[in-house]
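We will walk through it together, step by step.

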Amino acid sequence: MADIMFACVHNAGRSQMAAAFFNKHKTQEGIKGISAGTNPASEVHPVVREIMLEVGIDLSEIKPVKLTTELAQTVSTIVTMGCGESCPYVPGVKIVDWAIMDPKNKPTEEARAIRDEIESKIKVFIAENNY
């Protein structure tokens with residue numbers, strides 16, 4: 001089973017949370033969630049680090065990664081969250097698009113709601129795909 005990529009623009013919020021929740025909730029060994037961004041930031045957004053710590057996930061050592069065609073070719077599915085046309089098209093790789101608001105510069109309460117939405121979507125995604 002190939003890995004699953006979660007992609008957004010800066011790889012500093014949505015995709016980081018999604019990959020972390022995927023790895024926390026997955027039921028299959030040999031598959032992992034990875035994340036990348038089309039225009040990666042220098043660090044994970046502070047509000048995202050803060051709200052993920054609240055649920056026991058430490059993203060303080062995570063560095064945003066550039067989404068390249070080469071990286072995209074290593075996964076079976078890319079779940080996009082706002083990178084739109086800048087996400088690479090890779091033949092044979094399934095693309096799933098989630099319309100999720102960017103937590104960047106949002107008040108903590110709004111960022112928590114986005115976090116919780118992502119975790120809910122991840123749980124459904126895992127169940128539907130037997131991951």
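What follows is a tour of the sheet, the cores, the aromatic rings and a few individual residues. Please keep in mind that this is a predicted model.

Four strands make up an open sheet with parallel pairing, and their order is 2-1-3-4. At the edges you will find strand 2 (33-37) and strand 4 (94-97), each of which pairs on one side only. On average, neighbouring strands of this sheet are turned by 25 degrees against each other, direction ignored. Helix 4 packs on the sheet, where it touches strand 1, strand 3 (75-80) and strand 4. The direction of helix 4 makes about 150 degrees with that of strand 1.

Now look at the pairing of strand 1 with strand 2. The two run in the parallel sense and share five bridges. Met 5 stands opposite Ile 34 in strand 2, and Ala 7 stands opposite Ala 36 of that strand. If you follow the chain from strand 1 through helix 1 to strand 2, you trace a right-handed β-α-β unit.

Thr 38 has a relative accessible area of 12% and is buried, because the cut-off for buried is under 20%. Leaving aside neighbours within four places in sequence, Thr 38 is in contact with Cys 8, Val 9, Lys 66, Leu 67, Cys 83, Ser 86 and Cys 87.

Next comes the interior. As a rule, nonpolar side chains in soluble globular proteins tend to be buried together. Here the largest nonpolar core has 29 residues, and those with the most contacts inside it are Phe 6, Phe 22, Trp 98 and Ile 122. Strand 1 (3-8), helix 1 (14-25), helix 2 (46-53) and helix 4 (108-129) each supply at least two residues of this core. Apart from it lies another core, of twelve residues, including Met 5, Leu 67, Cys 83 and Val 90. You have already met Met 5 as the residue opposite Ile 34, and Leu 67 and Cys 83 as contacts of Thr 38.

Not counting residues up to four places away in sequence, Ala 18 touches Phe 6, Met 81, Ile 118 and Ile 122. Two of these contacts, Phe 6 and Ile 122, are among the residues with the most contacts inside the largest core.

The aromatic rings deserve a stop of their own. The count comes to seven aromatic pairs. One of them joins Phe 6 and Phe 125 edge-to-face, at 6.3 Å centre to centre and with 75 degrees between the planes. Because Phe 6 lies in strand 1 and Phe 125 in helix 4, this pair ties together parts that are 119 residues apart in sequence. Both Phe 6 and Phe 125 are buried.

What makes the pair of Phe 22 and Tyr 131 edge-to-face? The ring centres of Phe 22 and Tyr 131 are 5.7 Å apart and their planes stand at 65 degrees, so the pair falls in that class, whose planes are over 60 degrees apart. Phe 22 belongs to helix 1 and Tyr 131 to the segment after helix 4, so parts 109 residues apart in sequence are tied together. Phe 22 is buried, as is Tyr 131. Phe 6, Phe 22, Trp 98, Phe 125 and Tyr 131 form one aromatic cluster.

Most residues other than glycine have a negative phi. Asn 11, by contrast, has a positive phi near 50 degrees, and Asn 105 has a positive phi of about 60 degrees. Asn 11 is placed in the loop between strand 1 and helix 1, while Asn 105 is found in the loop between strand 4 and helix 4. Are these two residues buried or exposed? Asn 11 counts as buried because its relative accessibility is 0%, whereas Asn 105 counts as exposed because its relative accessibility is 71%.

Notes: Residues are numbered from 1 along each chain as its sequence is written. This is a predicted model: local features need pLDDT of at least 70, side-chain atom pairs count only at pLDDT 80 or more; totals for chains, interfaces and linings use all residues. Side-chain values use heavy atoms; hydrogens and water are left out. A nonpolar core is a set of buried Ala, Val, Leu, Ile, Met, Phe, Trp, Tyr and Cys residues joined through side-chain atoms within 4.5 Å. Buried means under 20% relative accessible area, exposed over 50%, partly exposed in between (1.4 Å probe, protein chains only). Two strands pair if DSSP finds at least two bridges between them. Axes are lines fitted to C-alpha atoms, for helices over the stretch in contact, and angles run from 0 to 180 degrees between N-to-C directions. Contact means heavy atoms within 4.5 Å. Rings of Phe, Tyr and Trp (its six-membered ring) pair if their centres lie within 6.5 Å; planes under 30 degrees apart count as stacked, over 60 as edge-to-face and the rest as tilted. A crossover is right-handed if, with the strands pointing away from the viewer, the path from the first strand over the helix to the second runs clockwise.
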